[in-house]
Amino acid sequence: FDSFVEAGLTLFRVNTIKYVAIIIDVMDITHIDQSPSENYSSYNSLFFVVYLIVGALFVMNLFVGFIVDGFNANKGSSEAELQYSRFLRGIKEHRPRHSAFTVPTNPISESLRNFVTSKYFQTFSLVCVMINVVFMLCDHADMTPEFRRLMNLQNDIFLFELCGEMILFFLAYGWSCFITDAWKGFDLFVCLGTVVFQYVINNRRIAQFAKSFRLMRIIRLMKMIKPIRVILETLIQSIPQLLNVILLLVLVYSMFAVVAVQSFGTTKYGSRLGLTANFETWANAMTTIYQMVTGDEWMLLMEDCSVMPPSCTHRFQKEWAYDGVTYIEY
């Protein structure tokens, strides 16, 4: 914090959640022109706690909110247009639907349809899923033989209950319900996947993979709770917009990658700039930019790219680098 520029750069580094080393150094500060002392004053870190709350969280969310408002304004989305858009979406979601498959009309199927749509059956299914999820959360290493037998027993019981649900849905609606209803199709996928990978294919490694199907029962619990189901369905409907955002990010990263290749393509290796992060080619630059965006030590790359003579030379010379296996010439 010796100057305004350095203080701004340091706060920007804190804003990108790279603050641990800075906070440790700040807590060692004693007085002006005196040597630091380890953990001299932990109260110095309160400044960064307040800054993270105000700067990294509040101001950043406020900035994103202004961007969203500006996007809606440029798109011409007034309050009336937003309500009209919600009205059209509601009509589309709740319009009368014609099933391409015929539903069984025999008395047994009609009775089962009333049973599986009843409040008691749905509550029973929800309780079974919740108990199964609680047992899965209790899974841990070094289990006793008794606890392991209990876990295997409850897995068998709740898998049998899930298979029973699938049989009831099949008898009530026919096989078409697993095609027309995405959630019922998902339940069938979880049921068949668990049976095949855990019981039919008796392999130890595949049995570990089968646990992922049991974990999918948590999603079954989410879809039974209406607020969470609405959030999941909203995320699924937002996928087309997310693809557009990803395309825009790729274009922006490509522009910065081209600039990085032209500016730092021949920069000498340093503490972070090296074989795993460099700007020698466009592909390497894209990879390095992705690493920085996802939390790599960008400040070390910045310091390496800021190297100046006599620490570097303008002419090329053969040097050697260690890639973890052998020494290579570059």
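Helix 1 meets helix 15. Helix 1 (residues 4-15) and helix 15 (residues 298-305) pack at an angle of about 145°, and their axes are 11 Å apart. On the helix 1 side, L9, F12 and R13 make the contact, while helix 15 brings in W298, M299 and M302. Sorted by class, this contact has five nonpolar residues, no polar ones and one charged one. Here is how to read those words. Axes are lines fitted to C-alpha atoms, for helices over the stretch in contact, and the angles run from 0 to 180 degrees between N-to-C directions. Helices (H or I, at least four residues) and strands (E, at least two) are DSSP runs, numbered from the N terminus. Contact means heavy atoms within 4.5 Å. Ala, Val, Leu, Ile, Met, Phe, Trp, Tyr, Cys and Pro count as nonpolar, Asp, Glu, Lys and Arg as charged, and the others, Gly among them, as polar.

You're looking at a predicted model, where local features need pLDDT of at least 70, side-chain atom pairs count only at pLDDT 80 or more, and totals for chains, interfaces and linings use all residues. Residues are numbered from 1 along each chain as its sequence is written, and side-chain values use heavy atoms, with hydrogens and water left out.

**View 1. The whole protein, for orientation.** There are 15 helices and two strands to find here. Of the 330 residues, 25% count as buried; buried means under 20% relative accessible area, exposed means over 50%, and partly exposed is in between (1.4 Å probe, protein chains only). The protein exposes about 23700 Å², and carbon and sulfur atoms supply 67% of that. Those areas come from the Shrake-Rupley method with a 1.4 Å probe; for residues, only the protein chains shown count as cover. Take the contacts between residues at least 6 apart in sequence: 57% of them join residues at least 24 apart.

**View 2. The buried residues of helix 15.** Back at helix 15, the buried residues are W298, M299, L301, D304 and C305. What do they pack against? Their partners are helix 1, helix 13 and helix 14.

**View 3. T267, in a loop.** T267 sits in the loop between helix 13 (239-264) and helix 14 (282-293). Is T267 buried or exposed? T267 counts as buried because its relative accessibility is 16%. Leaving out neighbours within four places in sequence, T267 is in contact with L273, D304, C305 and V307. The C-alpha atoms of T267 and M308 are separated by 9.8 Å, with the two residues 41 apart along the chain.

**View 4. Along helix 7.** Helix 7 (residues 145-173) has 29 residues and reaches 42 Å from its first C-alpha to its last, close to the 42 Å expected at 1.5 Å a residue. That expected span is 1.5 Å times one less than the number of residues. Among the buried residues of helix 7 are F158, L159, L162, E165, M166 and F169. An α-helix has 3.6 residues a turn, so residues three or four places apart point the same way. After helix 7 comes G174, with a positive phi near 85°.

**View 5. Two loop residues with positive phi.** Most residues other than glycine have a negative phi. D33 isn't a glycine, but has a positive phi of about 60°. Look for D33 in the loop between helix 2 and helix 3; D33 counts as exposed because its relative accessible area is 81%. D142, also not a glycine, has a positive phi near 55°. D142 is in the loop between helix 6 (119-137) and helix 7, and is exposed, with a relative accessible area of 77%.

**View 6. S45, tucked into a loop count.** S45 lies between helix 2 (20-27) and helix 3 (46-75), in the loop. S45 is buried, at a relative accessible area of 14%. Not counting residues up to four places away in sequence, S45 touches I23 and M27.

**View 7. Cysteines.** A disulfide here is a pair of cysteine sulfur atoms within 2.5 Å, and by this rule the count comes to zero. C191 is in none: the nearest cysteine sulfur, that of C163, is 3.3 Å away. C191 is buried, at 5% relative accessibility, whereas C138 is partly exposed, at 36% relative accessible area.
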